[in-house]
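Please find below a colleague's note for a reader who is new to this structure. The points are numbered so that each may be taken up separately.

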Amino acid sequence: MAIASDPRPLVSDAARPDAARSEDYLWTLNFGPQHPATHTTLRLVLKLEGERVVDALPEMGYLHSGFEKIGEHLTFNQYVTVSDRMNYISPMANNVAWHHAVEKLLGIELTPRCKYIRTIIAELARISDHLLCNGAVGLDTGAFTFFLYGFYQREVIYDIFETLCGARFTNSYTRVGGVSQDFTPLVIEKINTFLRTFPKTLDDMERLLTRNRIFVDRTKGVGVLSKADAINGGASGPVARASGVTRDLRKDDPYLAYEDFDFQICCASSGDCYARYLVRMQEMRESLKILRQALDNLPGGPVNVGIDQRTALPTKKQVYSTIEGTISHFELSMGNRGFEVPCEEAYAATEAPNGELGFYVVGDGGESAYRARCRPPALLHFALFPQLIRGHTLSDVVAVLGSLNIIAAELDR
Amino acid sequence: MDTTTFRGQTRLVVPAQMSLEVLGFLRDRGFDLLVDVTCVDYLEYRGAKQRYGMVYLLASTATNQRLTVRVFVDDPEPTVASVVPLWASANWLEREVWDLFGIRFSGHPDLRRLVMPEEFTAHPLRKDYPMQGRGERHNFPILTREDG
């Protein structure tokens, strides 16, 4: 069916029904699970007719680690370390998503400062994710310099995270009802420096690739996803927005502090790899706008929910210097005390860099979730892959795969 | 049918034999996006009457409303109707539920395991499946250098 929608004329025996019946002459090519262009461990069985891809069979599960099962055994605060390892390209966004769902279940209202801080780190995570995703699309289609520009800026964001919480990659930054560390003046200064220097790099990156003839030829009209297919197939995030679905949870279902900011949703209508690239590039600029507004209006006051409510772990200073802090920390760490968890279930989703990242958390009154379902955006995007690649050439596989930004750790969990 | 609300989220409990009809009705009434299909095993849950609770998270791209549809099924042979005819996105989501919970979807075009290997016999997200210690490795064929 996708063969017909291919913009290029397909002169292929495989398109003829009588030839398609005997598929003996079709090549079968095993792509992955260990291939540099799959970026992670996923496998595609491609049926080729010359260089044309007639069909693709995606296989997954090579990185299945039972994250949802582990989620039923770790406490709400411990599980954040596992959420880091889902989409490890932007771990901060996963941290925010997990505790967003937990707080919805527990009914915790965050402090204004915490909302802003989480918004800032989520947007930094979005920028770093888009940098790598677009960089990888460039890399796979032959633009190595572009990738290095992006990765250098990712280093700067890693550096901010390291200053913030001590970890570069697996941050585990959020806590129930708060975050592990408050912003220090140094962190704010580093983010400000990033905000000053990054737009120039972004301009350079756009000049390098956006009108590059080779890149445009490789991505334009490749892997076209129509708006109806995007909705029917459950696509979300930049993939859906590049197909004209104007859905962004930051606007449509505002969480954290997104209601306070002035920013725009980036959409395209052509739905090809090039549109997905453009949407991601533009989203980074919108993220910068959010970051600037959030930093300028960062509220003061406490970052965590107060120790009297017994919902957030108190800081080290509170534990060692106040009796309330000691009691609160002791009770929250005890198995039979802890949080007051309702015997209820809640779903909360965030607009992660890749799309709608949601958690369906079931509480049974205990200290850990009864069920911690993660709704990964990559799973639904990967299911769309055969539809996007049919009729294109083998070299387009990497362009489509890269533009969907499938992270196997999040895909398989 | 039973409707409850928790923290602003509306849930609708639908009898298993009516699930496809109701979900089709909801899709035609504007819930055009199937966000997620998942399942909860209520084996050890206090007050639960039926063991498996399917969760369909619906959303509307026009109005941004959300709705959770619950369908409860029980052992043995838990089966619900597949919603792949309504939403293409249900295909892999239902395969994952079959893989990890062992719920059969009648009318599914391609009900294979998704994340576990095909030789796997158990359904690991069920509550009676232990976190560790079962040792599934003996179920797999051992390939030696001579076989290769």
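1. Basis of the model. This is a predicted model, in which local features need pLDDT of at least 70 and side-chain atom pairs count only at pLDDT 80 or more, while totals for chains, interfaces and linings use all residues. Residues are numbered from 1 along each chain as its sequence is written, and chains are lettered from A and ligands numbered from 1 in the order in which they are written.

2. Domains of chain A. Chain A is divided into domain 1 (2-59) and domain 2 (67-412); such bounds come from an automatic or database domain assignment. The C-alpha centres of these two domains of chain A lie 33 Å apart. Their contact takes 21 residues from domain 1 of chain A and 22 residues from domain 2 of chain A, two residues being in contact if their C-beta atoms, placed from the backbone, lie within 7 Å.

3. The domain 1 side of that contact. In chain A, α1 (2-5), β2 (43-49) and β3 (52-59) each supply at least two residues of the side of domain 1 that touches domain 2. Helices (H or I, at least four residues) and strands (E, at least two) are DSSP runs, numbered from the N terminus. The most comes from β3(A), with five residues. By residue class, this side of domain 1 of chain A holds 12 nonpolar, five polar and four charged residues. Here Ala, Val, Leu, Ile, Met, Phe, Trp, Tyr, Cys and Pro count as nonpolar, Asp, Glu, Lys and Arg as charged, and the others, Gly among them, as polar.

4. Strand pairing in chain A. Strand β1 (residues 27-31) of chain A pairs with β2(A) in the antiparallel sense over five bridges; two strands pair if DSSP finds at least two bridges between them. Asn30(A) has Val45(A) in β2(A) as its bridge partner. An antiparallel pairing over seven bridges joins β2(A) and β3(A), with Leu46(A) opposite Ala56(A) in β3(A). The hairpin formed by β2(A) and β3(A) has two residues between the strands, and Gly50(A) in the turn has a positive phi of about 65°.

5. Contact between the chains. Chain A gives 34 residues and chain B gives 29 residues to the contact. On the side of chain A that touches chain B, the elements that each supply at least two residues include α3 (67-71), α10 (227-232) and β6 (345-352) of chain A. The largest share of this side, four residues, comes from β7(A). The residues of this side of chain A divide into 12 nonpolar, nine polar and 13 charged.

6. The largest nonpolar core. Which residues touch the most other members of the largest nonpolar core? Of its 161 residues, they are Val361(A), Val400(A) and Leu58(B). A nonpolar core is a set of buried Ala, Val, Leu, Ile, Met, Phe, Trp, Tyr and Cys residues joined through C-beta atoms within 7 Å. Helix α6 (residues 112-140) of chain A provides the largest share of this core, 15 residues. Domain 1 (2-59) and domain 2 (67-412) of chain A both give residues to this core, so the core lies between them.

7. Chain B. This chain has two helices and seven strands, running β-β-α-β-β-β-β-α-β from the N terminus on. Along its principal axes, the C-alpha trace of chain B spans about 60 × 35 × 25 Å. Of the 148 residues in chain B, 35% are buried, that is, have 20 or more other C-beta atoms within 10 Å of their own, with C-beta atoms placed from the backbone.

Technical notes
A residue is buried if 20 or more other C-beta atoms lie within 10 Å of its own, exposed if 12 or fewer, and partly exposed in between; C-beta atoms are placed from the backbone.
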